[in-house]
Number of protein chains: 2
Amino acid sequence: MATGTLLYAQSGGVTAVINATASTVVQAARARKVRVLAARNGILGALREELVDTTRLSAAEVRGLAHTPGGAFGSCRVKLKSLQEDRAKYERLLAVLRAHDVRWFLYNGGNDSADTALKVSQLAKEYGYPLTCVGVPKTVDNDLAVTDCCPGFGSAAKYTAVSLRECALDVAAMAETSTKVFVYEAMGRHAGWLAAAAGLAGEGANAAPHLILFPERTFDEADFLARVDAVVKRVGHCVVVASEGIRTADGSFVADAGGGTDSFGHTQLGGVASHLAGRVKDALGHKVHWTLPDYLQRSARHIASKTDLEQALAVGRAAVECALAGQNAVMPVIVRSSDAPYRWHVDIAPLDRIANHEKKMPANFIRKDGYGITAAARRYLSPLVAGEAYPPYGKNGLPLYIEPKLTLVRKKLPAWAG
Amino acid sequence: MATGTLLYAQSGGVTAVINATASTVVQAARARKVRVLAARNGILGALREELVDTTRLSAAEVRGLAHTPGGAFGSCRVKLKSLQEDRAKYERLLAVLRAHDVRWFLYNGGNDSADTALKVSQLAKEYGYPLTCVGVPKTVDNDLAVTDCCPGFGSAAKYTAVSLRECALDVAAMAETSTKVFVYEAMGRHAGWLAAAAGLAGEGANAAPHLILFPERTFDEADFLARVDAVVKRVGHCVVVASEGIRTADGSFVADAGGGTDSFGHTQLGGVASHLAGRVKDALGHKVHWTLPDYLQRSARHIASKTDLEQALAVGRAAVECALAGQNAVMPVIVRSSDAPYRWHVDIAPLDRIANHEKKMPANFIRKDGYGITAAARRYLSPLVAGEAYPPYGKNGLPLYIEPKLTLVRKKLPAWAG
C-alpha cells in the first residue's frame with residue numbers, strides 16, 4: 001500500500017449531498033488504510049494550513065455525513081487565477097501539501113475547482129512533487145461538461161418539482177377569492193436547469209407551472225404579461241417559474257430592475273419573483289404572491305433524490321480509487337446509458353475536458369414558445385429526481401443531521417501571509 | 001339512521017392536511033350511510049349552490065385526499081358579517097341547505113368560520129329548520145381558542161424547523177467567504193407561532209436560529225442590528241427568523257417599509273426578510289441572503305408532521321360523530337394531557353367559546369431578551385412536529401397527490417344575485 005495522505009476539500013456552493021460524497025471519500029480511504037485530511041473552508045484551509053484530521057471522526061459520524069446537508073468541513077468561494085497570476089498561492093498550496101505528505105488531492109466542486117485541481121497537478125509536475133489530483137463533481141447548477149449530470153442537482157431539482165406542485169395546489173384552491181398569480185424564483189444565473197425541473201410538477205396546457213421563464217430566452221415583458229392574463233382567463237390562476245438569471249433584450253438582468261434604493265435611501269434588494277409579481281399586479285391587477293426559496297432549494301436534504309444521493313456516493317468512492325491508482329488530473333463522471341429504465345455508471349474523464357467548460361441546457365429542452373419544457377427534457381430530468389432518500393429523524397421530529405467537532409492537525413509551516 | 005345530507009366546506013388559507021380532514025369526514029359519513037356534499041370554494045359555493053357530489057369520488061380518491069395538500073374542493077377568503085348586516089346572505093345559505101336537504105353543516109376553518117357556523121346555526125333555529133352546525137378546526141396560524149393546537153400548524157411548523165436547520169448548515173459552511181447573514185421570513189401576521197417553531201432547529205446561544213423576531217415584540221432596528229453584528233463576530237455568521245407581522249414602535253409593519261414604487265413608478269412589493277437583509281447590508285456591510293417560503297410553508301405535505309396528520313384525521317371523524325349525534329354549534333378540539341410523553345385526545349367545545357376569539361402565544365414562550373424561545377415553548381412545540389408522515393411517491397420521483405374530478409349536483413334554486 002502506498003504511504004502518504006489524501007487531502008479532500010469542498011468548493012463553491014454546497015448541496016444537499018456533497019457531504020455524502022465526503023462520507024464515501026473518507027470511508028473508501030479508510031478501507032485502504034489511507035489517512036484523510038480535509039481542508040477547512042475549501043482551498044482557503046489548504047492555503048492557511050487549516051487541515052481537519054478526519055481520523056478523529058467516529059465511524060458513525062462519517063456515516064452520518066451521508067444524510068447531512070451543507071458542507072461539513074466548510075466550503076468557499078475563492079477562485080485561483082492562472083499559474084502566472086497566482087503563482088505564489090499555488091506554490092504555497094504545494095508547500096502545504098508537501099509539509100503534510102499529501103500525495104492525493106481531491107477537490108469536490110464545479111468548473112472552477114476542476115480548473116484549480118488541474119493547475120495544482122501541473123505545478124506539482126513542474127516541481128517534480130509526486131501528487132495525484134482528482135476533481136469530484138458537485139453543483140446544483142448542473143453545468144459541468146462531460147458528466148451527464150452533477151451530484152447535488154437531482155436533489156435540488158426534486159425539491160423544486162415537489163414544492164412547485166404543492167404550492168400550485170394551494171393557489172388553485174384559493175384562486176377564486178385570493179391569489180391568482182404566483183411566482184416561484186428558481187436558482188440559475190446562466191442556465192435554466194432548476195427552472196426546467198419545476199416543469200416536472202405538471203404536464204399539459206392547464207397544469208402548473210403554466211409559464212417557465214428561462215435565462216436561455218430573452219424576457220419580453222409585454223408577451224409575458226399577455227400570457228399570464230390568458231392563463232388566468234383560461235385556468236382561473238397562473239403559476240409562473242422564473243429563473244433568477246432572466247434578462248431583457250438589452251442584456252440587463254430582470255432581477256436588478258427591482259433593486260435600487262427606497263425613499264429612505266435604504267438598499268432595496270431585488271429579485272426576479274418580487275419584480276415580476278409587482279409588474280403583474282400593476283399591469284393586470286391580479287392578487288399576487290411569490291416565493292424565493294433561495295438556499296432552501298440546495299440544502300433540502302429532507303427531500304433528496306435517491307438517484308442523486310447514489311451518484312454523490314459513487315463519485316466519492318470512484319475518486320479515491322482513481323487517486324490511489326495514480327490516475328492524475330481526472331474526474332469521475334456520470335455516464336447515462338439509458339433513459340427508461342434509467343441506467344448509469346461512473347466513468348473517468350480528463351480534467352482538461354471539464355475545467356472552464358460550461359454545459360448549456362440543450363436547445364431542444366425548451367418548448368418552441370419558450371415557456372415550457374419538452375418531452376426530451378422530461379426524459380432527461382425524470383430519472384434524476386426519482387427515488388426518495390430520507391434522512392433519519394429524532395423523536396423530536398427533526399432530522400438527525402450531524403455537526404462533527406472538527407480537530408485541526410498541528411501546523412508545520414509559518415502562517416500564510418496571502 | 002337519520003336521513004338527510006351533510007354539507008362540508010373548507011374555508012380560509014389551506015394547509016398541508018386540511019384534505020386529510022376532508023378525507024375522514026367523507027369516510028366517516030359513508031360508514032354511516034350519510035351522503036356528503038362539499039361546497040365548491042367554501043361558503044361561496046354554498047351561496048352559489050355549487051355543491052360537489054362526493055358520492056362520485058372513488059374510495060381510492062377519498063383515501064388519496066389524506067396525503068394531498070391544498071384544498072380539494074376549493075376554499076375562499078369570504079367573511080360573512082353579522083346576521084343583521086348580511087341577513088340576505090345567511091338566508092340564501094339557509095335556502096340552499098334546505099333545497100338539498102342538508103341537516104348537518106361542517107365548516108372547516110379558523111375563527112371566522114367558527115363564527116359563520118355559529119350564526120348559521122342561530123338562523124336555522126330562528127326559522128325552525130333542523131340543522132346541526134359543527135366547526136372543524138384548521139389553521140397554520142395556530143390561533144384558535146380552546147383547542148391546544150390547530151391542525152395544519154404542526155406540519156407548517158415542521159417544515160419551518162427542518163428548512164431552517166438545513167439552510168443554517170448551508171450558511172455555516174459558506175460564511176467564511178460568502179453569505180454571513182441569512183434572513184428567513186415566516187408566516188404570522190398577528191402571532192409568532194411559526195417563527196417560534198423555527199426555534200426548534202437549534203438550542204444554545206451559538207445554534208441557529210440566532211435571532212427570532214416576533215410580532216409580539218416591538219421591532220427596534222438599532223438593537224436588532226447590534227445583535228446581528230455581535231452574533232457574526234462571535235459565531236462567524238447569523239441566521240435570523242422574522243415573522244411577517246413585526247412592527248416598529250409607531251405600529252407600522254416592517255414589511256411595508258420596503259414597498260412603495262421604484263424609479264419607474266412600478267410597484268415594489270415589500271417583505272420583512274428583504275427589507276431586513278437590505279438594512280443589514282447597508283448598516284453592517286455583510287453579504288446577505290434571504291428566503292421567503294410563502295405558500296411553500298403551508299402546503300409542504302412532503303414534510304408533514306405525523307402528529308398533525310393524525311389530529312387532522314381525528315377532528316374530521318369527531319366532527320361527523322358530533323353532527324350525527326345532533327351536537328349543535330360545537331367544534332372538536334385537541335386536548336393535551338401530557339407533554340412528554342405527548343398525550344392528546346379530542347374533546348367537544350361550544351362554538352361561542354371559539355368564534356372571534358384569538359389565542360395569543362403565551363408570554364412565557366418568548367425569551368426575556370425577546371429574540372428566542374424558552375424551554376416552555378419547546379415543550380409545547382416539540383410534540384406537534386414529531387413523526388414523519390410521507391405521501392406515497394410515483395416512480396417519477398413526485399408525490400402521488402390527487403386532483404379528483406369534481407362533479408356538481410344539479411341546482412334547484414335560481415342563481416344567486418349576491
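In which loop of chain B does B:P209 lie? In this predicted model, B:P209 is found in the loop between α7 (193-198) and β7 (211-213) of chain B. The peptide bond that joins B:A208 to B:P209 is cis, with omega at about 0 degrees. Chain B also has a cis peptide bond from B:A340 to B:P341, where omega is near 0 degrees. B:P341 is placed in the loop between β12 (330-338) and β13 (343-350) of chain B.

The overall form of chain A is described next. Chain A contains 13 helices and 13 strands. Along the principal axes, its C-alpha atoms fill a box of roughly 70 × 45 × 45 Å. When contacts in chain A between residues at least 6 apart in sequence are considered, 77% of them join residues at least 24 apart.

A:G71 is 61 residues away from A:Q10 in sequence, yet the two C-alpha atoms are 7.1 Å apart in space. Leaving aside residues up to four places away in sequence, A:Q10 touches A:I18, A:N19 and A:A22, and also A:G42.

For A:V146, which is not a glycine, phi is positive at about 70 degrees. A:V146 is located in the loop between β5 (132-137) and α6 (153-174) of chain A. With a relative accessible area of 35%, A:V146 is partly exposed. A:D294, likewise not a glycine, has a positive phi of about 50 degrees. The loop that holds A:D294 runs between β11 (288-291) and α11 (296-299) of chain A. A:D294 has a relative accessible area of 8% and is buried.

Helix packing was examined in both chains. Two packed helices are described by the angle between their axes and the distance between the axes. In chain A, the axes of helix α1 (residues 18-31) and helix α12 (residues 306-324) come within 7 Å and cross at roughly 35 degrees. The crossing of these two helices, α1(A) and α12(A), is right-handed. On the α1(A) side the contact is made by A:A20, A:T21, A:T24, A:V25, A:A28 and A:A29. On the α12(A) side the residues are A:L309, A:A312, A:L313, A:V315, A:G316, A:R317 and A:V320. By class, the contact of α1(A) with α12(A) comprises nine nonpolar, three polar and one charged.

Helix α8 (residues 221-235) and helix α10 (residues 272-284) of chain A pack at an angle of about 70 degrees, and their axes are 11 Å apart. At this angle, α8(A) is roughly perpendicular to α10(A). The crossing of α8(A) with α10(A) is right-handed. From α8(A), A:E221, A:F224, A:L225, A:V228 and A:D229 take part in the contact. They meet A:H275, A:L276, A:R279, A:V280, A:A283 and A:L284 of α10(A). The residues of the contact between α8(A) and α10(A) divide into seven nonpolar, one polar and three charged.

In chain B, helix α4 (residues 87-99) and helix α5 (residues 111-126) have axes that come within 10 Å and cross at roughly 75 degrees. What is the relation of α4(B) and α5(B) to each other? The two helices are roughly perpendicular, because angles of 65 to 115 degrees fall in that class. The residues of α4(B) in the contact are B:R87, B:Y90, B:E91, B:L93, B:L94 and B:L97. Their partners in α5(B) are B:T116, B:K119, B:V120, B:L123, B:A124 and B:E126. Seven nonpolar, one polar and four charged residues make up the contact of α4(B) with α5(B).

Note on methods: Residues numbered from 1 in each chain as written. Chains lettered and ligands numbered in written order. Predicted model: local features only at pLDDT ≥ 70, side-chain atom pairs only at ≥ 80, totals over all residues. Heavy atoms only, no water. Axes fitted to C-alpha atoms, helices over the stretch in contact; angles between N-to-C directions. Helix = DSSP H or I, 4+ residues; strand = E, 2+ residues; numbered from the N terminus. Parallel < 35°, antiparallel > 145°, perpendicular 65-115°, else oblique. Contact = heavy atoms within 4.5 Å. Nonpolar A, V, L, I, M, F, W, Y, C, P; charged D, E, K, R; others polar. Left-handed = near helix turned anticlockwise from the far one by under 90°. Buried < 20%, exposed > 50% of the residue type's maximum accessible area, 1.4 Å probe, protein only.
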